[in-house]
Amino acid sequence: MRIHTQPQADDLTPPQSQGPTSNPNPLLELGPALPHPTPSQPVINRWLPGQCRATSHFVLSPARAAITEATHHGRMEAPAEGGSSFQVGATAHATSGSPVFCEAQRPLPPLLEGRPRERLVELHTSFRELFTFFCANATIHGAIRLVCSSQNSLKTASWGLLLVGALGVFYWQFGLLLAQYWRYPVIMTVSVHSELRLFPAVTLCDMNPHRPRSARYHLQALDEFARENIHSLYKFNFSENRDVLFADDRLPQPAFYLDRGIRLQRLSQPGGQNKVGFRLCNSTGGDCFYRAFSSAVTAVRQWYRFHYVNILALMPPAREDSHHSHGGHLVFSCRFDGQDCQARHFQTSHHPSYGSCYTFSGVSAAQHPGITHGISLVLRAGQQDHLPLLSTEAGIKVMIHGHDHTPFLEHQGFSIRLGTETTIGIREDEVHRLGGPYGHCTKGAEGVDVQLLYNASYTLQACLVSCFQQLMVETCSCGYYFYPLPSGAEYCSYARHPAWGHCFYRLYRDLGTHRLPCTSRCPRPCRESFYKLSARTSRWPSSKSADWILAVLGKRRHRSLSQSPGLRSNVAKVNIFYQELNYRTVDETPVYSVPQLLSATGSLWSLWFGSSVLSVLELLELLLDAIALTLLRGCRWLRGARGSQPGAATVASHAKPEANQLPADCRDDINHLGALLASSPTMLPGALAGVFAEELGQVRGPASLHLSQPDLF
């Protein structure tokens with residue numbers, strides 16, 4: 001028999017002729033040739049006796065050639081250093097006298113020798129085999145150490161603990177990362193842009209809440225009632241100033257009921273602190289509370305305002321033109337970007353507390369920064385028909401806001417002193433909010449659960465006021481006079497709704513403490529502009545120029561400085577301009593977007609395991625294989641428990657090919673070779689013994705040879 005390998009390019013040498021020799025080694029017996037295996041038959045990785053025929057010598061690899069040479073001469077010699085192969089062979093004499101060589105069947109290429117061929121769908125037979133395969137082939141750092149260190153229990157346990165510890169720390173950090181991502185934090189990114197900007201709207205009020213003609217009689221009665229209350233508390237006599245508090249007109253007035261039960265009172269608080277206020281009760285009188293203030297001035301103003309609103313609520317909806325009713329205009333002159341303002345640039349309105357108001361809405365953009373390219377106004381604030389108990393200050397109320405936005409001067413306005421020139425520089429900031437899971441904002445009034453009562457763009461303050469007015473109508477059956485009315489509602493007055501004050505102040509207190517649902521129902525706009533102001537003032541007009549300036553301003557009534565010494569205290573000049581056309585945008589940016597979350601997760605995975613996304617897929621494959629193996633073994637256990645397969649032992653016995661299934665000649669040769677190795681175990685060095693064991697398999701005895709599963713293709 002000739003033991004050989006599949007010829008390779010580097011193992012082939014020119015054949016050399018040898019003379020006829022006898023076969024001194026009984027191990028190399030001649031035997032009948034075995035047929036070549038078909039693809040359906042398992043190829044046994046063994047050296048089997050082949051057909052003897054006349055042929056020339058062939059070449060073995062160094063390790064296998066050394067084994068064959070050792071069996072021929074009864075000793076083992078290592079191949080010569082530097083040589084890639086040498087010739088070896090056993091000869092037999094045929095009847096013709098020519099040397100005959102016995103060739104074995106050629107196995108598959110050496111790259112596939114000793115390894116099982118992986119099929120398209122293949123399940124492992126045990127969890128140990130599955131885990132060993134995963135650790136040996138996974139790209140996760142450290143997994144291979146569990147297989148390579150399997151002979152050293154300490155190393156295996158150490159690497160196992162390291163892998164488990166790394167996995168635990170990774171999942172701990174990954175949990176922290178996910179927790180931070182699900183909080184949806186944002187950071188503010190500030191950027192500066194330079195482009196033309198539309199000049200903002202400017203609203204100015206003269207802070208002169210004058211007396212409507214249709215309510216003068218009622219206001220006279222209220223002023224008399226106020227004089228009585230102040231005199232009872234502070235012993236102050238208004239007799240010298242009655243011409244201020246009372247008007248001479250006594251026109252026919254509608255019926256009006258003044259609730260004299262709501263009076264100013266001095267209240268004693270625990271700790272000796274005295275407050276001033278008034279009491280309000282519900283319709284039954286069982287629930288009362290005091291609207292108390294530590295400042296007596298504030299208490300008087302709030303008390304007077306409460307009665308004043310009751311009077312205004314009786315007035316018809318169509319109001320008179322207040323800008324002409326009190327004898328003059330607020331704006332003397334106006335220039336914008338070096339040109340005179342037009343009447344179409346102004347909108348007029350009336351505020352119950354701040355009097356006559358003008359809103360400048362220029363439609364042109366600011367071309368350049370600076371005072372000369374802004375708006376310059378000369379204003380006059382009169383004190384005719386003034387209500388001194390309702391408004392205690394004189395000046396101009398100003399608010400700068402966006403176009404088509406409702407001005408709320410009581411919340412965002414500022415005052416300008418009369419007799420001065422005020423210069424106001426503007427810087428604009430624009431805020432962009434993300435919305436969605438990152439915050440509660442809206443792009444308009446469409447997605448808001450509040451019907452806006454103002455015919456203007458959506459703002460947070462307009463939504464809050466509209467929400468409060470609707471709750472006021474639902475709770476108190478009437479609306480507050482300072483705010484627009486929903487359709488079908490009417491304004492509150494204790495002549496028609498005696499307990500409305502108690503209901504209103506309860507709701508207003510809940511609004512201030514965020515107990516009403518208006519805060520949650522009114523989100524901030526996702527896009528909003530803010531104006532930062534910087535102001536400086538100077539005396540205007542100066543003492544040298546006051547004569548001719550005031551003469552020009554009073555030319556219409558032919559007044560001079562000597563004739564109207566108080567005119568200077570009623571005028572003011574205001575300059576409003578862009579300090580620079582650069583504006584800042586403040587954008588909300590998520591701390592962790594989805595790409596950033598994946599990047600941070602990949603960084604953690606690479607830090608602890610040094611692998612990539614494909615390694616995660618390998619873990620998924622391991623999990624799926626483990627589930628499939630668990631289900632398969634469970635099904636086998638159930639089938640075995642039911643005893644539905646009586647011939648299972650027979651099937652199991654044919655699961656692995658045994659040595660007795662081989663041809664008789666092959667089995668005799670293998671048994672003879674196994675007996676020889678068993679009798680002389682010291683003949684082979686360690687490395688060659690491993691090669692020989694790979695070629696021959698594990699020999700359990702001279703009578704049988706068991707083949708392990710990896711030897712089957």
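**View 1. The outward face of helix 13 carries Trp 548 and Val 552, both exposed.** These two residues lie on the side of helix 13 turned away from its buried side, where exposed means over 50% relative accessible area, buried under 20% and partly exposed in between, with a 1.4 Å probe and protein chains only. Helix 13 spans residues 546-553, and its buried residues are Ala 546, Ile 549, Leu 550 and Leu 553. Seen down the axis, the buried residues fall within an arc of 90 degrees, so they line one face of helix 13; the arc is that of the directions from the helix axis to the C-beta atoms. Their cover includes strand 12 (331-336), strand 17 (375-380) and strand 24 (571-578). Helices (H or I, at least four residues) and strands (E, at least two) are DSSP runs, numbered from the N terminus.

This is a predicted model, in which local features need pLDDT of at least 70 and side-chain atom pairs count only at pLDDT 80 or more, while totals for chains, interfaces and linings use all residues. Residues are numbered from 1 along each chain as its sequence is written, and side-chain values use heavy atoms, with hydrogens and water left out.

**View 2. Phe 306 and Tyr 505 form a tilted aromatic pair.** The ring centres of Phe 306 and Tyr 505 are 6.3 Å apart and the planes stand at 40 degrees, so the pair is classed as tilted; rings of Phe, Tyr and Trp (its six-membered ring) pair if their centres lie within 6.5 Å, with planes under 30 degrees apart counted as stacked, over 60 as edge-to-face and the rest as tilted. Because Phe 306 belongs to helix 7 (residues 296-312) and Tyr 505 to helix 11 (residues 500-512), the pair ties together parts that are 199 residues apart in sequence. Phe 306 is buried, at a relative accessible area of 3%, and Tyr 505 is also buried, at 7%. Both rings belong to a cluster linked by ring pairs, whose members include Phe 278, Phe 468, Tyr 480 and Trp 500.

**View 3. Phe 336 and Phe 360 make a further tilted pair.** Here the distance is 5.6 Å centre to centre, with 55 degrees between the planes. Phe 336 lies in strand 12 and Phe 360 in strand 15 (residues 355-360), so that the pair links distant parts of the chain, 24 residues apart. Both Phe 336 and Phe 360 are buried.

View 4. Arg 301 counts as partly exposed, at 34% relative accessibility.

**View 5. Residues 556-563 have pLDDT under 50.** The model has seven contacts beyond four places in sequence for residues 556-563. Over residues 680-713 the pLDDT is likewise below 50, and this stretch has 65 contacts in the model beyond near neighbours in sequence. The mean pLDDT of the chain is 74, and 65% of its residues reach 70 or more; pLDDT is the predictor's confidence in each residue, from 0 to 100. Where pLDDT is low, the predicted coordinates should not be read in detail.

Note on methods. Contact means heavy atoms within 4.5 Å.
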